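Please examine the sequence and the three-dimensional structure shown here.

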Amino acid sequence: MPATGKVSLTRQTIYCFIPVMDLYAAYHIKKLRWYLLIMLAVGLAMGMVSSVINPMDEIDETRIISENKEIDWNYVFLGDNPAAAVASFVINQGVVIAVAVFLIRRWSKKWNLQFDAQSQN
């Protein structure tokens with residue numbers, strides 16, 4: 001349910017670090033649609049940056065299937081340069097979490113200000 005009063009900035013910020021709870025935090029302050037739209041755009045942009053940093057070339061089937069006919073999943077997911085893939089993932093997650101914290105904190109402060117204005121009247 002959306003909040004009927006002030007929300008805790010600390011709790012809202014902690015929710016940004018927990019998967020799915022960031023959606024609850026946005027819903028709690030009635031900004032879920034905006035949050036989903038912005039995070040979708042950030043995710044697409046970071047995906048494009050990631051594909052430039054660590055492009056997936058044509059998959060070499062001889063490299064994927066080892067001598068014992070098993071699939072080498074590390075190669076499938078990480079490609080030729082595992083360090084770049086891991087670094088790209090860490091940077092992507094850092095940017096996404098930073099944007100989430102920024103948005104939720106900003107919107108939560110605005111949410112709380114509307115109740116301060118009501119209590120003064």
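D116 counts as partly exposed, because its relative accessibility is 28%; partly exposed residues fall between buried (under 20% relative accessible area) and exposed (over 50%), as found with a 1.4 Å probe and protein chains only. The model is a predicted one, in which local features need pLDDT of at least 70 and side-chain atom pairs count only at pLDDT 80 or more, while totals for chains, interfaces and linings use all residues. Residues are numbered from 1 along each chain as its sequence is written, and side-chain values use heavy atoms, with hydrogens and water left out.

Side chains of opposite charge can pair when their charged atoms come close. D116 forms a salt bridge with K6, and the closest N and O atoms of the two are 2.6 Å apart. D116 belongs to helix 6 and K6 to the segment before helix 1, so the pair ties together parts that are 110 residues apart in sequence. The term salt bridge denotes a side-chain nitrogen of Lys or Arg within 4 Å of a carboxyl oxygen of Asp or Glu. A search of the whole structure finds one salt bridge. K6 counts as exposed, with 53% relative accessibility.

## Overall architecture

The chain contains six helices and zero strands, and from the N terminus on its elements run α-α-α-α-α-α. Helices (H or I, at least four residues) and strands (E, at least two) are DSSP runs, numbered from the N terminus.

Of the 121 residues in the chain, 27% are buried. The accessible surface of the chain comes to about 8800 Å², and carbon and sulfur atoms account for 63% of this surface; accessible areas come from the Shrake-Rupley method with a 1.4 Å probe, and for residues only the protein chains shown count as cover. Among contacts in the chain with a separation of 6 or more, 68% are between residues 24 or more positions apart, where contact means heavy atoms within 4.5 Å.

## N112 in helix 6

N112 is located in helix 6 and is buried, with a relative accessible area of 12%. N112 and V7 are separated by 105 residues in sequence, yet their C-alpha atoms are 6.6 Å apart in space. When neighbours within four places in sequence are left aside, N112 is in contact with K6, V7 and L9.

## Helix 1

The buried residues of helix 1 include Q12, T13, Y15 and C16. They lie on the same side of helix 1, because they cover an arc of only 155° around the axis; the arc is that of the directions from the helix axis to the C-beta atoms. The face turned away from this buried side carries the exposed residues T10 and R11. Helix 2 and helix 6 (82–120) are included in what covers the buried residues of helix 1.

Within helix 1, T13 has a relative accessible area of 15% and is therefore buried. A polar atom of the side chain of T13 lies 2.7 Å from the backbone oxygen of L9. Not counting residues up to four places away in sequence, T13 touches V101 and R105.

## The loop between helix 1 and helix 2

I18 lies in the loop between helix 1 (9–16) and helix 2 (21–28). With 38% relative accessibility, I18 counts as partly exposed. Together with I14 and F17, I18 forms a nonpolar patch on the surface, and the three have about 300 Å² of accessible area together. Patches are made of residues with over 30% relative accessible area and no salt bridge, with like charges joined within 9 Å and nonpolar side chains (Val, Leu, Ile, Met, Phe, Trp, Tyr) within 5 Å.

V20 is placed in the loop between helix 1 and helix 2. Its phi is near 75°, a positive value in a residue other than glycine. V20 is exposed, with a relative accessible area of 60%.

In helix 2, the residues D22, A25, A26 and H28 are buried. Seen down the axis of helix 2, its buried residues fall within an arc of 160°, so they line one face of the helix. Their cover includes helix 1, helix 3 and helix 6.

Just after helix 2, K30 takes a positive phi of about 60°, although K30 is not a glycine. K30 is in the loop between helix 2 and helix 3 (32–53), and at 55% relative accessibility K30 counts as exposed.

Technical notes: A polar contact is a pair of N or O atoms within 3.5 Å; within protein, one must be able to donate a hydrogen and the other to accept it, and residues adjacent in sequence count only if both atoms are side-chain atoms.
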